[in-house]
Amino acid sequence: MATKGRTIPERIARWKVIAAGLRPLLAEMPHLAPLHAELERIIQESEAQDARNEALKAETRELTSTREALAKSGDDLRLRLGASLQTTYGFKSERLIEFGLQPRRSRGRAKKAKARQPAQPAPALVEPA
């Protein structure tokens with residue numbers, strides 16, 4: 001027997017086996033001719049659909065690749081334009097927000113110095129005599 005799988009290509013393979021085996025016997029069993037002809041038509045149509053499916057998969061891969069390349073170029077241009085705007089307006093300018101860029105915020109200590117608590121002396125260690 002051909003295969004026992006349930007995928008469409010495996011099923012088509014089984015159809016081909018029975019169609020090829022039945023072809024020489026059609027003269028002896030003419031009542032099977034219409035069924036055989038229908039099976040042959042289904043085999044041809046299924047193979048045409050498989051070929052179309054593979055062509056669409058290839059086209060999808062190509063489109064995805066093109067979209068990724070465009071996205072990469074767009075990101076690169078956005079970064080370059082953003083850097084130019086930062087150079088023009090300054091890295092901390094609020095005008096950057098209108099272009100979708102975040103101005104740099106200052107880091108570091110708070111403006112007001114925190115009041116320090118006096119350090120408590122460490123307890124003296126008493127050594128045993």
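Helix α2 (residues 33–89) comprises 57 residues and spans 82 Å from its first C-alpha to its last, close to the 84 Å expected at 1.5 Å a residue, the expected span being 1.5 Å times one less than the number of residues. The model is predicted, with local features requiring pLDDT of at least 70 and side-chain atom pairs counted only at pLDDT 80 or more, whereas totals for chains, interfaces and linings use all residues. Residues are numbered from 1 along each chain as its sequence is written, and side-chain values use heavy atoms, without hydrogens and water.

The protein chain contains two helices and zero strands, assigned as DSSP runs (helices, H or I, at least four residues; strands, E, at least two) numbered from the N terminus. Of its 129 residues, 11% are buried (under 20% relative accessible area with a 1.4 Å probe, protein chains only; exposed, over 50%; partly exposed, in between). Within α2, the buried residues are H36, I43, S46, G82 and Q86, and their cover includes α1 (8–22).

One aromatic pair is present in the structure (ring centres of Phe, Tyr or the six-membered ring of Trp within 6.5 Å; planes under 30 degrees apart stacked, over 60 edge-to-face, the rest tilted). The rings of Y89 and F99 are stacked, because their centres lie 6.2 Å apart and their planes meet at 20°. Since Y89 belongs to helix α2 and F99 to the segment after α2, the pair ties together parts ten residues apart in sequence. Y89 is partly exposed, at a relative accessible area of 33%, and F99 is partly exposed at 38%.

Notes. Contact = heavy atoms within 4.5 Å.
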